[in-house]
Amino acid sequence: MTTGPGEGAGALDAPWLEPRSAAEIAADAELDAFWLELSAQVVAMSEEQVTAAAERGAPIPPLPSPPESAAGRRLRLDAEFVERFAALEAETSRIEGERRALMAEHLQRMIDQPGDTGAMLRELASFAAVEVGLASTTVERRMSDAWAIVTTLPAAHEAAAEGRITTSHLRVIEAETRPLREDEQLTAADRERVVAVLVDAAERSSVSRLRSRAKQLVNDALTTPLQIRHETARQRRRVEVSDAGDGMVHFYALMSTVKAHAAMDRLTQAARARSKDDPRTIDQFRADALEELLLGGVVPEDLHGASGIQVKPMIVMPADALCFDGTAAEAEAAGHDFPAMLDGKVIVDLDTARRLAGEAPTWLRLFTHPVTGVAVTVDSYTPSAAQRHALLGRDLRCRAPGCDRPARLADLDHTKPWSEGGGTSLSNLAHICRRDHCLKHDSRWAVEQLPGGVLRWTSPLGQVIDDLPEPVGPVFTDMPRSRPRPPKRTRAQRRADQRAALDRLGRWDDPTTWPEPDPAALREWYGPSLESTAQGGPNAPPLPF
């Protein structure tokens, strides 16, 4: 099938370029010369003369601007790139949203029609696949995915279609909230609440940080405890191999989170301990070390120098989960459901976390802020170690905008450089990965640390990004009032209440206004023998009120 210019489903509407005559070119040259001459005359005029000419309706050309410096030109081009890039990303999201809505609409049409929906979908997908040159199964899968997003995640779909979040953000929300849609005991309102929070977070965070945030929110919303879900998922552990071409394969292993990160950490340490003369990259060395471990069972000292490596993953867990006398499943059922976190981004089940805590030679107690959940201090006697541990607990990850690299693999950077008088204190230290650390010092970004460990990044284009520490402990929020607030009283009503109170006080100060005592009350207080003397006699006892 052949299509002409401007035809086809994916063609863009572009205007044709028409040839210009010699007379048109000459007229344009005369007009340019006229504007140059008029601009020179305007420059020679005073400000009052220019204002008077403009009031009379005379054409005032723009005054020539001063020559642009090299730094100004670079800044202008940077701003134009960022603005254009952001506009294209938003436009791409809008186009994807329109295409997603189109596919969902016609798949719903197939569902609503009587007959075999699968057969009709395959037929329609084959029509579109022939037109755009795709496999019909690909179009069919895209239509199914689009229908699922539009029908089950309308808020996320609308945000992406309006360009408020990117398509990558939408994919993360769709993938991470899949367990919510599979949880039959979860209400639709709870699902919508989690999706709304994730959409709001997606508008202000990167894709990697959104993924970490989504894991925590989804885990808190699911009705099945994490320990039970972990034991069920652990039954699916396996190893797979798939061909990658050129005599290479992909080696996959589905295994426990903690063990996988510990294994990766051991391989990384082995790679970093290699000789300087070793030409292999870190990735190549890790692959070779994994082969040696799987085939030989050990890492030879003469080859890797990795004997005695101790894996030190950073796991933050709540103290109440450790103090609970019972199994991890019972702890979660009792409300101790705040999960342990590996490097601040991977959820660890409580059973594994408690086992690791029992095997650890030392513990480090971490105190968190009761409102924000941010780590503030530790009970360590060594100042430098306390600072490092407190910052590890506070930062958890690289503090550069959008970066999600674990803090234990990052540099501990002075926000205000030491050479410029910056102190080595918690209020001037933050973890930044090596790449962003170099970017901070070698680029035009400016960074300052605000109270509470907030890093404010300012670009030369005027962009301001506040990076806040992620909570590592439970966050306490205000509970709703059990009773409605009393209605506000007007000033006249308050004055009336005051007059009534003063009037009551005045009556009690005057004994003549006291009420007569009740005989039944007298008998209850003093007995029946004193009832006759209670009428004001000289031997009458004092009244009980």
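The cover over the buried residues of helix H7 includes H3, H5, H6, H8, H9 and helix H10 (207-221). Contact here means heavy atoms within 4.5 Å. Helices (H or I, at least four residues) and strands (E, at least two) are DSSP runs, numbered from the N terminus. The model is predicted: local features need pLDDT of at least 70, side-chain atom pairs count only at pLDDT 80 or more, and totals for chains, interfaces and linings use all residues. Residues are numbered from 1 along each chain as its sequence is written, and side-chain values use heavy atoms, with hydrogens and water left out.

Helix H7 spans residues 167-176. Seven of its 10 residues are buried, so H7 is largely enclosed by the rest of the structure. Buried means under 20% relative accessible area, exposed over 50%, and partly exposed in between (1.4 Å probe, protein chains only). The buried residues of H7 are Thr-167, His-169, Leu-170, Val-172, Ile-173, Glu-174 and Glu-176.

Glu-174 also takes part in a salt bridge. Its partner is Arg-181, with the closest N and O atoms 3.2 Å apart. A salt bridge is a side-chain nitrogen of Lys or Arg within 4 Å of a carboxyl oxygen of Asp or Glu. Glu-174 has a relative accessible area of 18% and is therefore buried. Arg-181, at 27%, is partly exposed.

Asp-183 lies in the loop between helix H8 (178-182) and helix H9 (188-202). Asp-183 is buried but has no salt bridge. The nearest side chain of opposite charge is that of Arg-191, 6.0 Å away. For charge, Lys and Arg count as positive and Asp and Glu as negative, while His and the chain ends are not counted. Leaving aside residues up to four places away in sequence, Asp-183 touches Arg-191, Leu-222, Thr-223 and Thr-224.

Two packed helices are described by the angle between their axes and the distance between the axes. Axes are lines fitted to C-alpha atoms, for helices over the stretch in contact, and angles run from 0 to 180 degrees between N-to-C directions. Helix H3 (residues 70-112) meets helix H5 (residues 136-152) at about 95 degrees, with the axes 8 Å apart. H3 and H5 are therefore roughly perpendicular. Angles under 35 degrees count as roughly parallel, over 145 as roughly antiparallel, 65 to 115 as roughly perpendicular and the rest as oblique. On the H3 side, the contact is made by Arg-99, Arg-100, Ala-101, Met-103, Ala-104, Leu-107, Gln-108 and Ile-111. H5 contributes Arg-142, Met-143, Ser-144, Ala-146, Trp-147, Ile-149 and Val-150.

H3 packs against helix H6 (residues 154-161) at about 135 degrees, with the axes 7 Å apart. H3 is thus oblique to H6. Ser-93, Arg-94, Gly-97, Arg-100 and Ala-101 in H3 meet His-157, Ala-160 and Ala-161 in H6. Arg-94 also forms a salt bridge with Glu-91 (2.9 Å, N to O). Arg-94 and Glu-91 are three residues apart in H3, which means a separation of about one helical turn. Arg-94 is partly exposed at 34% relative accessibility. Glu-91 is partly exposed at 36%.

Three strands form an open sheet in the order S10-S11-S12, with antiparallel pairing. Strands S10 (446-450) and S12 (464-467) are at the edges, each with a single partner strand, so one side of each has no neighbour in the sheet. Neighbouring strands of the sheet are turned by 20 degrees against each other on average, direction ignored. Two strands pair if DSSP finds at least two bridges between them. S10 pairs with strand S11 (residues 454-458) over five bridges. In this pairing, Val-447 stands opposite Trp-457. Four bridges join S11 to S12, and Leu-455 stands opposite Asp-467. S11 and S12 form a hairpin with five residues between them. Gly-462 in the turn has a positive phi of about 95 degrees.

A salt bridge also joins the side chains of Arg-456 and Asp-466 (2.8 Å, N to O). Arg-456 belongs to strand S11 and Asp-466 to strand S12, 10 residues apart. Arg-456 is partly exposed at 28% relative accessible area, and Asp-466 is partly exposed at 34%. Asp-467 is linked with Arg-209, Arg-394, Asp-395, Arg-397 and Arg-399 in a network of salt bridges. The structure holds 25 salt bridges.
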